[in-house]
Amino acid sequence: MANLTPEQALEQARAAAKAAQDAAAAAVGAADKAQGILGDLSAQVASAHAAASAVDPFVFQFSIFVMAIFVGYYVVWSVTPALHTPLMSVTNAISSVIVVGALLAVGVDWASGPGAGWARGFGFVGTVLAAVNIFGGFMVTSRMLAMYKKKS
Amino acid sequence: MSQNITALLYLVSGVLFIMALRGLSSPATSRKGNVYGMVGMAIAIGTTLALIKPSFGAYALILLALAIGGGVGAITAKRIAMTAMPQLVAFFHSLVGLAAVFVAAAAINAPAAFGIGSPGHIHGQALVEMSLGVAIGAITFTGSVIAFLKLDGRMSGKPILLPMRHLVNIALAVILVVLIATLVMTGSQVVFWLIVLVSLALGVLIIVPIGGADMPVVVSMLNSYSGWAAAGIGFTLQNSALIITGALVGSSGAILSYIMCKGMNRSFISVILGGFGGETAGPAGGAVESRPVKQGSADDAAFIMKNASKVIIVPGYGMAVAQAQHAVREMADKLKHEGVEVKYAIHPVAGRMPGHMNVLLAEANVPYDEVFELEDINNDFAQADVAYVIGANDVTNPAAKTDPASPIFGMPILDVEKAKTVLFIKRGMGSGYAGVENELFFRDNTMMLFGDAKKMTEEIIKNLD
C-alpha cells in the first residue's frame with residue numbers, strides 16, 4: 001500500500017467508490033423488491049380478509065359435521081352395553097330425518113321445470129320409506145325401553 | 001319464516017337427537033331420551049313444512065305418504081317379536097339407504113327446489129356430496145336387504161364365496177369413483193343412475209360372503225353407513241339437522257362395529273373380507289368328537305341347581321332361537337325362591353346384534369341389575385356352583401385362551417369352566433358358528449343337556465317343584 005503511485009491510489013479509490021455505488025443501487029433495488037413483496041402480501045391478506053367475511057357455507061357445515069362426530073363419539077361410548085339394541089333402533093329412527101329432503105321434493109312447484117313430476121314422485125316414495133322408519137323406529141325403541149326394569 | 005329461524009330450528013332438532021342418544025347411558029333416563037328424539041323429529045318435519053308452504057295437493061300427498069309409512073311402521077313395531085329385532089333393525093337400515101337414494105334422485109330432477117343450481121347446471125360441490133350420499137345409500141340398501149335375509153333365515157347364514165370376489169369388488173369400487181367424477185363433470189342423469197346400479201351391486205357383493213356369526217358387526221356397520229349416507233344428503237340440502245344426525249349415527253355405528261370386533265378379537269378388515277365360519281373342520285379333526293361326554297337329564301340339572309348357592313346363567317343365540325327367555329326367567333324365580341343367588345352373564349357378541357340378549361331378558365322381565373357384562377362378571381364364575389349355558393358355544397370355548405391354532409384364539413370368553421358345574425344346553429353335538437369344537441363339552445365338570453333350550457328349561461322347572 002505504502003509504495004503506491006498517486007495515480008494508482010486514485011484508481012483504487014475510484015474503484016471503491018464504484019463498488020459502493022453499485023452496492024447502494026443493489027440495496028435500493030432489494031428494498032424496492034421487498035416493498036413489492038410486502039405490498040403483495042398485504043394485498044393477499046386483505047383479500048383473505050375479504051374472503052373470511054364470506055366463508056363458503058360448506059365450511060360451516062363441515063365444522064358442524066366434524067363437531068357432531070366428536071359429540072357422537074363421546075355420547076355413544078357412554079351408552080350402557082345393555083342398551084345397544086335400542087341404540088341401534090333409535091339411531092335408525094333419527095337418521096330418518098332425511099325425510100326433510102323427501103318433503104322438499106314433494107313440495108316442488110309443478111311449474112319449476114320438466115323434472116318436477118319426477119321429483120315429486122321420488123319425494124313421495126322417500127317420504128313413505130322414511131315415515132316407516134320414523135314411526136317404526138321410535139315405537140319399537142319405546143317398546144323395548146319400557147321392558148327394562150330394576151329389581152323390585 | 002326467515003331462513004335464520006329455520007336453520008336454528010333444525011339445529012334444535014339436531015341437539016334433541018344428541019340428547020336422545022345421551023339418555024341411553026342408563027335405562028332410567030332412556031325413556032325420556034326417546035321422547036326427546038320424537039320431539040326433535042316433529043320439529044324437523046314441522047319446520048320443513050313451514051318452510052316449503054306446500055300447495056293443497058302437495059300437502060295431501062305428504063299426509064298420505066306419512067299415513068302409509070307411519071301405519072306400516074307402527075304395525076311392524078307393535079307386532080314384531082323381540083327375538084326378531086336383528087332382522088327388523090337390518091330392514092330399517094335398508095329403508096334409510098333407499099330413502100337417501102330417492103331424495104338424491106329428486107334433487108337431481110328438481111335442483112332449483114333444493115337450492116343447488118338449475119337443471120343440467122348443478123353445482124359441482126353439490127354433485128360430489130350427492131353422489132357420495134347416493135352411493136353409500138344404495139350400498140346400505142342392498143347390503144341391509146342381504147343382512148335381513150340372512151338374519152331372518154330366508155337365506156343361508158353360511159358365507160357365499162364367489163370366485164374372484166375381491167377383484168370384482170375392487171373393480172366395481174374403481175368404476176364407482178370414475179362414475180362419480182364423470183357425474184361431477186357432466187351432471188348427467190344417466191351417470192347418476194349408473195352410480196346407483198353399481199352401488200346396489202356392490203352392497204350385495206360386500207355382505208354376501210359374510211357369515212351369520214359376524215352379523216353383529218355387519219348390522220353395526222350398516223348402521224354406520226346409513227348415517228354417512230344421511231350426512232351426504234345433509235350437505236347437499238345444507239341442512240344442519242341432517243348433518244348432525246348423520247355424524248351421530250355414523251360414529252355410533254362405527255363404535256358398535258369396533259366393540260363387536262373386539263368382542264371377537266378380529267379385525268374389522270377380516271370381518272368385511274368375509275368367509276369366516278364357512279369351514280367346518282375343527283383343528284384336531286374327528287378324533288376329538290369320539291370322546292365321551294357326560295350327559296344329564298332335566299332331573300339331574302334341577303337337583304344340582306336346587307342345591308347350589310350361586311348360579312350364573314349364560315344366554316346365547318340358542319336362547320333366542322328357542323324363544324326360551326321366559327322359561328329361563330321362570331326357572332330363575334324358582335331358584336331364587338329356594339334361596340339361590342342368580343345372575344346373568346352376557347358376552348358382547350352373544351346373539352346376532354349388539355345388546356340382543358339384554359333385550360330378550362328385559363322382555364322376560366329380568367331386572368337389568370341382575371344382568372352383567374363380561375368384564376363385570378368373569379371373576380364370579382370361580383365362586384359359582386353352576387354355570388347354566390343356553391346355546392352359547394363359541395363365547396364360552398376355552399380354546400380361545402389355550403389353543404393358538406384355534407380360529408377363535410384370543411377372543412375374550414366367559415370363564416364358565418371355572419364354575420363347579422357347567423350345565424350346557426344344546427340341541428346336538430354340532431360345533432358353533434365358528435366351526436370350532438368346544439373343549440368344554442368333554443370336561444369332567446360339564447354336564448350336557450341335549451334338547452331344545454325352551455323345553456329343557458321347562459322340564460327343569462317341573463323338576464324344581
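1. Basis. The model is predicted, so local features need pLDDT of at least 70 and side-chain atom pairs count only at pLDDT 80 or more, while totals for chains, interfaces and linings use all residues. Residues are numbered from 1 along each chain as its sequence is written, chains are lettered from A and ligands numbered from 1 in the order in which they are written, and side-chain values use heavy atoms, with hydrogens and water left out.

2. Extent of the A–B interface. Chain A contributes 78 residues to the contact and chain B 101 residues (contact: heavy atoms within 4.5 Å). The buried area is about 8100 Å², with 79% from carbon and sulfur atoms; buried area is the accessible area (1.4 Å probe) that two parts lose on being put together, summed over both. In chain A, the most area is lost to chain B by A:Met88, A:Ile98 and A:Phe122, together 9% of what that side buries.

3. Polar terms and make-up of the A–B interface. Zero salt bridges are counted between chain A and chain B (a side-chain nitrogen of Lys or Arg within 4 Å of a carboxyl oxygen of Asp or Glu). There are 18 residue pairs in polar contact, both at pLDDT 80 or more; a polar contact is a pair of N or O atoms within 3.5 Å, where within protein one must be able to donate a hydrogen and the other to accept it, and residues adjacent in sequence count only if both atoms are side-chain atoms. On the side of chain A that touches chain B, α5(A) supplies the largest share, 27 residues (helices are DSSP runs of H or I, at least four residues, and strands runs of E, at least two, numbered from the N terminus). That side has 51 nonpolar, 21 polar and six charged residues, where Ala, Val, Leu, Ile, Met, Phe, Trp, Tyr, Cys and Pro count as nonpolar, Asp, Glu, Lys and Arg as charged, and the others, Gly among them, as polar.

4. Salt bridges. Over all chains, 13 are found. B:Asp214 and B:Arg266 pair at 2.8 Å, N to O, and link loops 52 residues apart. Both B:Asp214 and B:Arg266 are buried (buried: under 20% relative accessible area; exposed: over 50%; partly exposed: in between; 1.4 Å probe, protein chains only). B:Lys334 and B:Asp465 pair at 3.4 Å. B:Lys334 is in helix α14 and B:Asp465 in the segment after α18 of chain B, so this pair ties together parts 131 residues apart in sequence. B:Lys334 is partly exposed at 28%, and B:Asp465 is exposed at 66%. A network of salt bridges links B:Lys310, B:Glu341, B:Lys343 and B:Asp380.

5. Domains of chain B. An automatic or database domain assignment supplies the bounds: domain 1 (1–79), domain 2 (81–273) and domain 3 (298–464). The C-alpha centres of domain 2 and domain 3 of chain B are 36 Å apart. Between these domains, 18 residues of domain 2 contact 19 residues of domain 3, and about 1500 Å² is buried, 73% of it on carbon and sulfur atoms. In domain 2 of chain B, B:Met82, B:Thr83 and B:Gly263 lose the most area to domain 3, together 32% of what that side buries. The interface of domain 2 and domain 3 has zero salt bridges and three residue pairs in polar contact.
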